Amino acid sequence: MEITSSGSQTIQKAEGEMVKLGCTYTPAAEDKGELDIEWSNVSPDMTQKDKLILSYAAAEMHHYDPELSKRLKFLTEPNQGDASISISGLRASDTGTYQCKVKKAPGVDMRKVTLVVLVSPSVPKCWVDGGEEKGGTVSLRCKSSQGSIPLTYVWKRETGGAMPTTATQDAQTGELLIKNHTESNTGTYVCEAKNAVGQSQCKYALRAYNPTDKVGVIVGAVIGALLLFLLLLLLIWLLICCCQKKRYQKEAANEIREDAPAPESRPSSRQSSRHSSFQSIAGYRTHQGVHYTSVGGHLPSIHESGSNAGSNAPSTAGDRAASLKYDHRYGYAV
């Protein structure tokens with residue numbers, strides 16, 4: 001048994017395409033046994049078993065990988081000397097080494113083919129890293145988020161003339177560096193990202209601005225920082241003053257409560273008390289409209305209100321005691 005397929009041992013295809021893995025064979029005259037064909041995905045780990053994906057035995061075909069069953073097939077009848085297969089709709093996960101093994105006792109032979117599924121570059125992103133000030137250095141950047149390596153980047157000037165003489169570019173990083181930027185460098189620049197299976201591009205409109213007053217910016221930033229600092233100090237001072245005011249008010253309230261004198265008896269209370277005592281001692285009841293005087297040695301005269309207010313009875317005490325008069329301020333005779 002001899003496998004006669006020739007060609008490259010490594011095949012590169014773009015994602016989504018179809019690939020053919022050849023495996024033609026020629027049995028020897030003494031190979032009389034039953035034909036057995038196996039296609040396997042060889043494990044990169046030598047300690048692991050290879051993964052069987054397709055077989056042909058006893059005139060029947062068998063699939064072993066559900067993800068490949070609808071995309072994998074023999075190109076012709078395997079018993080006719082051609083065990084080649086095709087895989088359609090290639091995916092990045094299909095990358096690997098495939099082995100074709102043909103056995104017809106006593107002969108056996110095998111062949112390995114490496115398949116590399118390449119992913120085309122995604123649409124790159126173009127941007128400027130830094131500013132676009134006149135007289136400075138401008139850095140245009142370009143990057144694809146997806147795509148099989150190696151990826152290369154090429155910048156071209158689409159409008160505004162030829163590429164500036166001060167421009168240099170890095171095909172690996174996608175950076176276009178323009179030194180001593182001037183108004184003549186403005187225009188549209190195109191970045192093209194490409195690999196072995198495809199390419200994509202993006203554009204950037206480069207402008208030129210007058211340089212900013214850096215000294216003024218720095219001074220403004222310093223003044224702003226100082227104002228912010230002063231405002232912070234003012235807020236702290238106001239907070240301290242507010243706390244001290246509340247503390248002073250609380251202490252003053254406590255002092256007022258401690259220094260407050262006991263409440264005095266109202267004159268009416270004293271009048272009622274003395275009047276009650278006088279009644280209890282004299283042994284008679286009071287009458288409405290009659291004013292009574294206190295006892296001072298001998299009982300003084302009693303002054304009545306009303307029609308007899310103008311007549312005064314002679315004092316029983318003589319000249320020794322003066323006549324007492326009722327004082328409305330105190331509620332008793334003085």
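## Disulfides in the model

A disulfide is a pair of cysteine sulfur atoms within 2.5 Å. In general, a disulfide is a covalent bond between the sulfur atoms of two cysteines. The structure described here is a predicted model, in which local features need pLDDT of at least 70 and side-chain atom pairs count only at pLDDT 80 or more, while totals for chains, interfaces and linings use all residues. Residues are numbered from 1 along each chain as its sequence is written, and side-chain values use heavy atoms, with hydrogens and water left out.

Three disulfides are found when the whole structure is searched. With bonded cysteines counted along the chain, they follow the pattern 1-2, 3-6, 4-5.

## The link of C23 and C100

C23 is joined to C100 by a disulfide with an S to S distance of 1.9 Å. This pair links distant parts of the chain, 77 residues apart: C23 is in the loop between β3 (19-21) and β4 (25-26), and C100 is in strand β10 (residues 96-104). Strands (E, at least two residues) and helices (H or I, at least four residues) are DSSP runs, numbered from the N terminus.

The link of C23 and C100 is left-handed, with -70 degrees about the S-S bond. Are these two cysteines buried or exposed? Buried means under 20% relative accessible area, exposed means over 50%, and partly exposed lies in between (1.4 Å probe, protein chains only). C23 counts as buried because its relative accessibility is 0%, and C100 counts as buried because its relative accessibility is 0%.

The link of C126 and C202 is right-handed, with 70 degrees about the S-S bond. C126 is buried at a relative accessible area of 14%, and C202 is buried at 9% relative accessibility.

The sulfur atoms of C142 and C191 are 2.0 Å apart and form a disulfide. C142 is in strand β13 (residues 138-143) and C191 in strand β17 (residues 187-194), so the pair links distant parts of the chain, 49 residues apart. Because the torsion about the S-S bond of C142 and C191 is about -90 degrees, this disulfide is left-handed. Both C142 and C191 are buried.

C242 counts as partly exposed at 38% relative accessibility, and C243 counts as partly exposed at 46%.

## Nonpolar cores

A nonpolar core is a set of buried Ala, Val, Leu, Ile, Met, Phe, Trp, Tyr and Cys residues joined through side-chain atoms within 4.5 Å. The largest has 25 residues, of which L21, Y25, I37, W39, F74, I87 and V102 touch the most other members. Elements giving two or more residues to this core include β3, β10 and β11 (107-118). A second, separate core of 17 residues includes V128, L151, A167 and C202.

Contact means heavy atoms within 4.5 Å. Not counting residues up to four places away in sequence, F74 touches several residues, among them I37, W39, L54 and M61.
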